[in-house]
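Dear colleague,

I am passing a structure on to you with this email, together with an account of what was found in it. Please look through the sequence and the coordinates before reading further.

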Amino acid sequence: MKRQPLLKRTHIIKLGRLLDMMYKPSEIAEEIGVAQDTVYRSYLPAGLPHERDAHGSVWIHGPAFVAWAKETVAKRKSKRKGLPDDHAWCMRCNQPVVMSRPVVKPINRYLEVLQARCPQCGTKVNRAKKRLPSPFCKDGEGLGEGS
Ligand SMILES: [Zn+2]
């Protein structure tokens, strides 16, 4: 039995508050209206994209949380096993739509967000994705950064 993350309608409605910034679990919890414990025990094990800094603190990117939460709820609703890679959930059409030529926005080393417009209604759709590890190390190619 797989445990579903504790995400209710009331939490989803509050997603609009989240800004394009990194949140601590306690801050996310406060914005959404859940216990901090819920973030650690329910969301993170359920696959919420996050990263840890050098001190072991968890950081969650606002838009990544929104995308994850919506996708999680959408999956539950549709009882599908996830959307195909090139699809995202359109909240207005209430159905999965094809992302044509999505814009990929890297969030950090591990995550990226794919953004596109719904081909049917034009609403912005996005989904968070784990970045594939780059096969090549692009450091030190003479960009002259940080020298
Ligand atoms: Zn749509």
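This is a predicted model: local features need pLDDT of at least 70, side-chain atom pairs count only at pLDDT 80 or more; totals for chains, interfaces and linings use all residues.

The protein contains 4 helices and 8 strands, and from the N terminus on its elements run in the order α-β-α-α-β-β-α-β-β-β-β-β. Of its 147 residues, 26% count as buried.

**The nonpolar core**

The largest nonpolar core has 29 residues, and the members that touch the most other members are A64, F65, W68, A88 and V125. At least two residues of this core are supplied by each of α2 (25–32), α3 (36–43), α4 (62–78), β4 (87–90), β7 (111–117) and β8 (124–130), and the largest share, 7 residues, comes from α4. For A64 the contacts can be named: leaving aside residues up to four places away in sequence, A64 touches P49, I107, L111, V113 and A128.

**The contact between α2 and α3**

Two packed helices are described by the angle between their axes and the distance between the axes. For α2 and α3, the axes come within 7 Å and cross at roughly 105°, which makes α2 roughly perpendicular to α3. On the side of α2 the residues that meet the partner helix are P25, S26, I28 and A29, and on the side of α3 they are Q36, T38, V39 and Y40. Sorted by class, this contact of α2 with α3 has 5 nonpolar and 3 polar residues, and no charged residues.

**The sheets and strand pairs**

An open sheet of 3 strands has the order β6-β7-β8, and its pairing is antiparallel. Its edge strands are β6 (103–106) and β8, each of which pairs on one side only, and the twist from one strand to the next averages 25°. Within this sheet, β7 and β8 pair in the antiparallel sense over 7 bridges, and E112 stands opposite K129 in β8.

There is also an open sheet of 3 strands in the order β1-β3-β2, again with antiparallel pairing. Here β1 (22–23) and β2 (51–52) stand at the edges, each with a single partner strand, so one side of each is left without a neighbour in the sheet. Strand β2 is joined by 2 bridges to β3 (residues 58–61), and the two run antiparallel; the bridge partner of R52 in β3 is V58.

A further pairing involves β4 and β5, which are antiparallel and connected over 4 bridges. The bridge partner of A88 in β5 is V97, and A88 is also one of the core residues that touch the most other members.

**Individual residues in the loops**

Most residues other than glycine have a negative phi, and most peptide bonds are trans.

Where does N94 lie? N94 is in the loop between β4 and β5 (95–98), and the hairpin formed by these strands has 4 residues between them. The phi of N94 is near 55°, a positive value in a residue other than glycine. With 10 other C-beta atoms within 10 Å, N94 is exposed.

R101, in the loop between β5 and β6, likewise is not a glycine and has a positive phi, of about 45°. R101 has 6 C-beta neighbours inside 10 Å and therefore counts as exposed.

Finally, P84 is placed in the loop between α4 and β4, and with 10 C-beta neighbours inside 10 Å it counts as exposed. P84 and P96 are 12 residues apart in sequence, while their C-alpha atoms are 9.1 Å apart in space.

With kind regards

Note on methods. Residues are numbered from 1 along each chain as its sequence is written. A nonpolar core is a set of buried Ala, Val, Leu, Ile, Met, Phe, Trp, Tyr and Cys residues joined through C-beta atoms within 7 Å. A residue is buried if 20 or more other C-beta atoms lie within 10 Å of its own, exposed if 12 or fewer, and partly exposed in between; C-beta atoms are placed from the backbone. Two residues are in contact if their C-beta atoms, placed from the backbone, lie within 7 Å. Two strands pair if DSSP finds at least two bridges between them. Axes are lines fitted to C-alpha atoms, for helices over the stretch in contact, and angles run from 0 to 180 degrees between N-to-C directions. Angles under 35 degrees count as roughly parallel, over 145 as roughly antiparallel, 65 to 115 as roughly perpendicular and the rest as oblique. Ala, Val, Leu, Ile, Met, Phe, Trp, Tyr, Cys and Pro count as nonpolar, Asp, Glu, Lys and Arg as charged, and the others, Gly among them, as polar.
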